Amino acid sequence: MSTSEDILANSTNEASLARSRARSAEIDAAIDTDPSRFRMLTGDRPTGRLHLGHYFGTLHNRVILQDRGVDTWVLVADYQVITDRDGVGPIRERVLGLVADYLAVGLDPERTTIFNHSAIPALNQLMLPFLSLVTESELHRNPTVKAELEATDGRAMSGLMLTYPVHQAADILFCKANIVPVGQDQLPHLEQSRLIAQRFDKRYGRVDPEHPVFPRPDALLSEVPLLLGTDGAKMSKSRGNTIELAMTADETAKILRKAKTDADRVITFDPVNRPEVSNLLMMASMATGEAPEAIAERIGDGGGGVLKATVTEALNDMLAPIRARRAELVANEDYLLSVLAAGNEKATAQAEATLNEVRQAMQMVY
Ligand code: TRP
C-alpha cells in the first residue's frame with residue numbers, strides 16, 4: 001500500500017476488512033464506557049420504501065445506538081437520489097415517508113437530528129474545498145462507485161456520480177461525526193472521508209493548533225447476517241421479493257405465501273444447502289430473537305406451509321406496532337414537516353459553524 005489511491009482501492013480487501021472489524025469492536029466497547037465521546041452520522045437515499053433488509057441491517061441498529069446515548073444524526077440524502085437516475089421521482093412523498101419510517105422504528109427527534117441535504121447550503125458548500133483534495137483517478141478507482149455504475153446498465157458516469165463519495169464526506173464531516181455505521185460496501189467511501197479530513201488538515205491547516213478542523217471518522221461495521229428476498233435472491237424492490245415496513249399484514253402474508261421453499265418437508269436450518277428455507281427461518285429469528293435452529297425444530301415436518309405461516313406471524317407481530325405508528329405519522333404531515341424543519345435548523349447551525357472554521361483555516365475571512 002504505497003499511495004493513498006491504493007488504500008482506497010484496497011479498503012475492501014481481507015486485511016483491511018479485518019482491521020475495520022477490529023476497530024469497530026473497539027469502538028463498540030468504548031461506547032459502553034462513554035457514549036458522549038461519539039457522534040454518529042448515517043443516511044439513506046429517498047428512492048423507495050424501506051424494507052426488512054433496511055430494518056434489520058441498519059435502522060434497528062441506529063435506534064440501539066441512540067438508546068445507548070450516542071449523539072445520533074440521520075440524513076435523508078435527497079441530493080444523492082440524482083446520482084444514478086434521470087429524475088427525482090415522487091421525492092416529497094419519499095422524503096416524508098422516510099422521516100415517518102425513522103420515527104416509527106423508534107428514532108426520537110428529541111435525541112436524533114433528522115435532516116436533508118437540499119436544506120443545508122453550508123453542508124453542500126464543503127463540497128468545493130473537498131473536491132480540491134481528491135484526484136480524478138482516485139475518484140475513478142472507487143470500487144463502490146464502479147459497482148454502482150455497472151448496476152445502472154450502461155449509463156454514462158455523471159459528474160455527480162463520480163464525485164458523490166466527496167459529497168458523502170461532506171455529510172459526515174460537516175457535523176464532525178466520528179462514527180458511521182455502514183455495511184461493507186460503504187467502506188471505500190469512509191476511507192475517502194478519512195483521506196479528505198487528513199488532507200484538509202495538511203493542506204489548509206487548523207484554527208485551533210491542538211485539533212484538526214475535521215475528525216477522522218471510523219466505520220462501525222454491522223455484523224447482521226444478510227437477509228435475502230422471499231425468493232432467495234438478493235432483496236430488491238424491482239424483484240418484488242421484499243417485505244416493506246409500510247405493507248399491511250395481509251400483503252405480508254400474501255408475499256410470504258408465494259415465497260420459495262424446497263421439496264424437503266422436514267424444516268432444517270442449513271444456509272448452504274437450503275438457502276431459501278434458511279433465509280425464511282432467519283427472518284423469523286430476527287423478528288423474535290429465537291435461534292433459527294430452534295424455530296426449525298419446532299416446525300419439524302410441518303413443511304413449507306407451516307414455515308411460511310410461522311414467518312408471517314413472527315414478522316407481523318414484530319411490525320404491528322411499527323406499522324400502526326407509521327400510519328399515524330403519515331396521516332400527520334405537519335408533524336413530519338416540523339420534525340424535519342427542527343432537524344434542518346440544527347444541522348444548518350452546525351454546518352455554518354463548520355464552514356466558518358473552514359473559511360478561517362483557508363484564510364478566506366474578509
Ligand atoms: N450512500 C448511502 C446509501 O446509498 C446514503 C448516504 C448518504 C450515507 N450520505 C451518507 C451513508 C453518509 C452514510 C454516511 O445508502
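Start by selecting helices H12 and H13, which pass each other in a right-handed crossing (right-handed if the near helix is turned clockwise from the far one by less than a right angle, left-handed if anticlockwise). The contact involves Leu281, Met282, Ala284, Ser285 and Thr288 from H12, and Pro292, Ile295, Ala296 and Ile299 from H13; contact means heavy atoms within 4.5 Å. Seven of these residues are nonpolar, two are polar and none is charged (Ala, Val, Leu, Ile, Met, Phe, Trp, Tyr, Cys and Pro count as nonpolar, Asp, Glu, Lys and Arg as charged, the others, Gly among them, as polar).

Before you move on, note that this is a predicted model, where local features need pLDDT of at least 70 and side-chain atom pairs pLDDT 80 or more, while totals for chains, interfaces and linings use all residues. Residues are numbered from 1 along each chain as its sequence is written, and side-chain values use heavy atoms, leaving out hydrogens and water.

Next, select residues 143–150, helix H8, and residues 159–174, helix H9. Their axes (lines fitted to C-alpha atoms over the stretch in contact, with angles from 0 to 180 degrees between N-to-C directions) are 10 Å apart, at an angle of about 145°. Here Thr144, Val145, Glu148 and Leu149 of H8 meet Met161, Leu162, Tyr164 and Pro165 of H9. That contact has six nonpolar residues, one polar and one charged.

Now for the ligand: which residues surround it? Among them are Leu41, Thr42, Gly43, Leu75 and Val180, each with a heavy atom within 4 Å. Zoom in on arginine 45, where a polar side-chain atom lies 2.9 Å from a ligand oxygen atom. Finish at aspartate 171, where an N or O atom of the side chain is 2.7 Å from a nitrogen atom of the ligand.

Key: Helix = DSSP H or I, 4+ residues; strand = E, 2+ residues; numbered from the N terminus. Polar contact = N/O pair within 3.5 Å; in protein donor to acceptor, adjacent residues only side chain to side chain.
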